Amino acid sequence: MSVILQIETATTSCSIALAIDGKVMAFKQINERNIHAEVITLFIDELVALANLTYDNLDAIAVSSGPGSYTGLRIGVSTAKGLCFALDKPLIAIETLEAMAYGIIHSDDFTVDEGALLCPMIDARRMEVYCALFDAHGQKVRSTSADIIDEQSFAEELNKHKVIFFGDGADKCEAALGTNHNAQFLPGFVNSATFLSQKAAEKFDKKEFEDVAYFEPYYLKDFIAGKKAL
């Protein structure tokens, strides 16, 4: 039996889940900018207590590894590594876009047609998004990249497949791509730590763990600090 604490902070959602053998037993989540540092440890404490467990009962810590918000990723990964060091537990990393795709595939509210492609999108800046393409079984068919979206984006894929766009990056791309009859947009998608469950359980069984001392988030792009408004 594996008891895994799962942390998702790559987007505006700060989400914590507790899963046993890949099944979510409890989770807490808030979808709000710049609040991750305030609530993450509180959420973890509450979930462990709610499940009548102690931290020693955890078998591993899983974290959404990016791409995504630079600050959010730093908070999530730092928290996960701190727990791994303190508890002497292994660290499992799941790529954020892959977890998002799994979330849609295993949703009770949505069915992915065979032949359709999934395009999770995370908001970057202006018309830029972090994205990748997955088939209906969660296999990556186009590598993760930072793309500036215009009317010609995904033209080849949209010519052959229905493409399902979702995530906070997809919202701002609908104006550019929404006129294509093969483009489908899922409104209201919120990223969640529950999406890590299946992949985290698989990696735990295979002992696919990260080096806690050297692991860093997958930023994809260098961090560029903006000027504070006066």
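Predicted model: local features only at pLDDT ≥ 70, side-chain atom pairs only at ≥ 80, totals over all residues.
**Sheet and aromatic pairs**

Strand E4 (residues 60-64) and E5 run parallel and are joined by four bridges; strands here are DSSP E runs of at least two residues, numbered from the N terminus, and two of them pair if DSSP finds at least two bridges between them. Numbering starts from 1 along each chain as its sequence is written, and side-chain values use heavy atoms, with hydrogens and water left out.

Both strands belong to an open, mixed sheet of five, ordered E3-E2-E1-E4-E5.

On to the aromatics: six pairs turn up, where rings of Phe, Tyr and Trp (its six-membered ring) pair if their centres lie within 6.5 Å, with planes under 30 degrees apart called stacked, over 60 edge-to-face and the rest tilted. Phe 165 and Phe 185 are stacked, at 5.1 Å centre to centre and 20° between the planes. This pair ties strand E9 (residues 163-166) to strand E10 (residues 183-186), its members being 20 residues apart. Both Phe 165 and Phe 185 are buried (under 20% relative accessible area; exposed is over 50%, partly exposed in between, with a 1.4 Å probe and protein chains only). Together with Phe 154, Phe 165 and Phe 185 make up one aromatic cluster.
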